[in-house]
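Me: I've got a structure open and want a quick walk through it. Can you take my questions as they come?

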Amino acid sequence: MRITFFGPPGSGKGTQAERISEYYGLEHISTGMLLREEIRSGSKLGVRIRKIVESGHLVSDDIVNREVIDRIERIEDYLLDGYPRNLSQAKRLDRFLEETGKPLSGAVFIQVPVEEVLKRLTGRLVCACADGTGFSSEYREGDICRICGKPFVRRSDDSSEVVRNRLDHYHNLTMHLEEYYRGRLLSVDGVGTVEQVFQRIMRALRPWA
Ligand code: AMP
């Protein structure tokens with residue numbers, strides 16, 4: 001199975017992507033995570049993209065396309081999380097997949113209303129081991145993670161102005177992907193507990209599994 005997950009920031013996309021990949025044995029490729037790793041490495045590229053990610057804007061298509069295509073070139077089954085993020089990325093991905101004769105099974109769209117997203121993002125804390133994918137609203141800032149031993153902190157791109165930029169990009173660019181993937185799109189209600197949403201996605205994915 002080769003799928004892509006999309007949904008607004010704060011939709012729980014990362015958490016669900018992690019669980020679904022593990023369940024089906026798919027390689028989980030999160031562009032947000034790849035970019036944060038590049039930033040942490042301190043490379044020249046990392047320095048260039050840091051400002052962009054921290055302001056909530058999108059990194060250039062060339063950089064992101066290269067990161068993803070390099071990774072999927074040699075694998076059969078994967079879940080893309082946060083990619084494609086706009087029409088030009090989606091078309092580039094499809095061109096590449098047509099060349100390899102291994103098209104996407106389809107796209108999963110996690111739907112969450114804007115008010116819910118804002119509430120979730122401004123309250124979200126992450127720790128080093130969750131690598132930015134976990135919602136930890138039950139913890140307070142500074143609490144120590146039992147797995148990695150590091151404190152929970154606010155993700156630098158979860159401040160309210162940056163969140164607004166990320167939501168703008170989502171509404172101006174990513175939402176058009178719903179139209180692009182019409183006919184190979186599964187829409188899932190993302191409101192509820194992690195377990196409830198997980199079960200909904202599992203049910204929706206059955207035809208592709
Ligand atoms: P995420 O963890 O998916 O919320 O992504 C965090 C940030 O990484 C985004 O706000 C963008 O700055 C950048 N990013 C992630 N995926 C992409 C992408 N496909 N295209 C451009 N920028 C991206």
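This is a predicted model: local features need pLDDT of at least 70, side-chain atom pairs count only at pLDDT 80 or more; totals for chains, interfaces and linings use all residues.

Me: Good. Which helix gives the most to the shell around the ligand?
Reply: Helix 2, residues 31-41, with four residues.

Me: And which residues come nearest to the ligand?
Reply: There are 17 residues around the ligand. Thr31, Arg36, His57, Gly82 and Gln89 come nearest.

Me: What does Arg36 do there, in terms of distance to the ligand?
Reply: A polar side-chain atom of Arg36 sits 3.1 Å from a ligand oxygen atom. His57 uses a polar backbone atom, 2.6 Å from an oxygen atom of the ligand.

Me: How much of the ligand's accessible area does the protein cover?
Reply: 96% of the 480 Å² that the ligand has on its own.

Me: How does the shell divide into nonpolar, polar and charged?
Reply: Six nonpolar, five polar and six charged residues.

Me: Back to helix 2. Which of its residues are buried?
Reply: Thr31, Met33, Leu34, Leu35, Arg36, Glu38 and Ile39.

Me: What do those buried residues pack against?
Reply: Helix 1 (13-24), strand 2 (27-30), helix 3, helix 4 and strand 3. After helix 2 comes Gly42, with a positive phi near 75 degrees.

Me: New topic. Which residues touch the most other members of the largest nonpolar core?
Reply: Ile72, Tyr78, Leu80, Leu93 and Tyr181, out of 27 residues in that core. At least two residues each come from helix 2, helix 3 (44-55), helix 4 (61-72), strand 3 (78-81), helix 5 (87-100) and strand 4 (106-111). Helix 4 has the largest share, five residues.

Me: What does Leu93 contact, beyond its sequence neighbours?
Reply: Leaving aside neighbours within four places, Leu93 is in contact with Ile72, Leu80, Tyr83, Pro84, Leu104 and Tyr181. Another core lies apart from the largest one. That other core has 21 residues, among them Ala17, Val112, Val163 and Met202.

Me: You mentioned Pro84. What kind of peptide bond joins it to Tyr83?
Reply: A cis one, with omega about -5 degrees. Pro84 is in the loop between strand 3 and helix 5.

Me: Now strand 1. Is Thr4 buried or exposed?
Reply: Buried, because its relative accessible area is 0%, and buried means under 20%. Thr4 is in strand 1, residues 2-6. Beyond four places in sequence, its contacts are Leu80, Tyr83, Pro84, Leu104, Gly106, Ala107, Val108 and Tyr181.

Me: And Ile3, buried or exposed?
Reply: Ile3 is buried, with a relative accessible area of 0%. Ile3 is in strand 1 too. Its contacts beyond four places in sequence include Ile20, Leu26, Tyr78, Leu205 and Trp208. Ser105 is 102 residues away from Ile3 in sequence, but their C-alpha atoms are 5.6 Å apart.

Me: Last one. Where is Thr193?
Reply: In the loop between strand 5 (185-189) and helix 9 (194-205). Thr193 is partly exposed, with a relative accessible area of 45%. Gly12 is 181 residues from Thr193 along the chain, with 9.9 Å between their C-alpha atoms.

Terms used:
Residues are numbered from 1 along each chain as its sequence is written. Side-chain values use heavy atoms; hydrogens and water are left out. A residue is near a molecule or strand if one of its heavy atoms lies within 4 Å of it. A polar contact is a pair of N or O atoms within 3.5 Å; within protein, one must be able to donate a hydrogen and the other to accept it, and residues adjacent in sequence count only if both atoms are side-chain atoms. Accessible areas come from the Shrake-Rupley method with a 1.4 Å probe; for residues, only the protein chains shown count as cover. Ala, Val, Leu, Ile, Met, Phe, Trp, Tyr, Cys and Pro count as nonpolar, Asp, Glu, Lys and Arg as charged, and the others, Gly among them, as polar. Buried means under 20% relative accessible area, exposed over 50%, partly exposed in between (1.4 Å probe, protein chains only). Contact means heavy atoms within 4.5 Å. A nonpolar core is a set of buried Ala, Val, Leu, Ile, Met, Phe, Trp, Tyr and Cys residues joined through side-chain atoms within 4.5 Å.
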